Amino acid sequence: MAAPEISDTRFTLSQADIPSAWFNVAPHLSSPLDPPLHPVTREPVGPDDLAPLFAAELIGQEMSADPWIDIPGEVLDVLRLWRPTPLIRARRLEAALGTTARIYYKDESVSPAGSHKPNSAVPQAYYNAREGIARLATETGAGQWGTALAFACAQFGLECAVYMVRKSFEQKPYRKVIMETWGGSVVPSPIDDPDNAGSLGAAISDAVRDAVGREDTHYALGSVLNHVLLHQTVIGLEAQQQLTQAGETRPDVVIAPCGGGSNLGGVALPFLPDPAVRLLAAEPASCPTLTRGSYEYDFGDTAGLTPMMNMYTLGHDFMPPGIHAGGLRYHGDSPIISKLVHEGRMEAVAHRQKAVFEANVLFARVEGKLPAPEAGHGIASAIAEANDATAKDEERVILVNYCGHGLLDLSAYEDHLAGTLPEEP
């Protein structure tokens, strides 16, 4: 492999380099995950308990201890529409900060849906279609997951019903247009309380009720569960190859925003076996699940319909403020991510909304890309890490997941630039 030029900023792979298998973190954990519990009996759930909601292959992946799980060829055929995604050296941001650090970001905004979410939406739609399911029901916060699932369902001929958190439904009307263009149907949640701004927990309840009420329908979840994080590991696996291209041995720290844990797990988990790599979750101060939540069993939804998981939680009835990072407004977190934070293998920090948009504007002005509000939490953490490296006169290799663009979040930027963006309470 040729050595990188001193001014290289973009590191790309050929389509032949798309990972052919997902990385399963389960064998690398210090101990097995605590089992999910039935919402009524409080006994560990088995495959039969999950069968009304999920395709059999996804249930198997949820519980698998195999170190690698092959990606089906039909899934790879769709992923090739945009993968591999580029790794970018943020040289202009480094110059603006005057930092001794080297900052790289994995650009997941190039997918059809504009975020990392199709990495799991595509296999979920595929496995359900292969099983004869005709329709998927799901929730979405800011709309990234709903957009991705509508796209994925269109690839495999499935109907898609999306319950969108009402606050984001009102803030981001063009998300609805995209989902409908791909054939999805979108309604605001909670459906039985039109005066409620909503939460991801409430939207999950709406989607689960839909799925269990129809034999032709399964439920699809965009984050939190083991199989979702598994599908997202294509991000970190590609990044490992690209960092080698860039002449790096390893990153010193891997950073990503965290709501439920999908994009954080995707970029970070392939680096978990290397103890020299720090892993950092960035979350909103208004929904500080990892930094202020309790580590205990809780429901994944507001109504208590889903299995209980051992995770960091703010309580399943927590109603977060209507910040623009709708994808991070979730009361709980992935059991995998929660376990790593609880054991000290992963760190977590929280950022306030105005600071996130300040970081986003700086990034947009120097790097030219407009980040989603969710992505800004990772960018704010990367800037803090770079400034810390400079203060300590250290070289530090920083890898951050740029999980999505903000081209459908312009009302948030309008508020920020006008000085009317509200701060969290």
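The structure is a predicted model, in which local features need pLDDT of at least 70, side-chain atom pairs count only at pLDDT 80 or more, and totals for chains, interfaces and linings use all residues. Residues are numbered from 1 along each chain as its sequence is written, and side-chain values use heavy atoms, with hydrogens and water left out.

An unreviewed UniProt entry lists Lys117 as "modified residue: N6-(pyridoxal phosphate)lysine"; such annotations may be inferred rather than shown by experiment. Lys117 lies in the loop between β5 (102-107) and α5 (118-130), where helices (H or I, at least four residues) and strands (E, at least two) are DSSP runs numbered from the N terminus. Lys117 counts as buried because its relative accessibility is 11%, the limit being under 20% with a 1.4 Å probe and protein chains only. Leaving aside residues up to four places away in sequence, its contacts include Gln144, Trp145, Ser223 and Ser262, contact meaning heavy atoms within 4.5 Å.

Turning to the domains, the chain is assigned domain 1 (79-115 + 227-417) and domain 2 (118-221), with bounds from an automatic or database domain assignment. Their contact takes 39 residues from domain 1 and 32 residues from domain 2. About 2700 Å² is buried between the two, 58% of it from carbon and sulfur atoms; this is the accessible area (1.4 Å probe) lost on putting the parts together, summed over both. Between the domains there is 1 salt bridge, defined as a side-chain nitrogen of Lys or Arg within 4 Å of a carboxyl oxygen of Asp or Glu.

How values were computed
Buried < 20%, exposed > 50% of the residue type's maximum accessible area, 1.4 Å probe, protein only.
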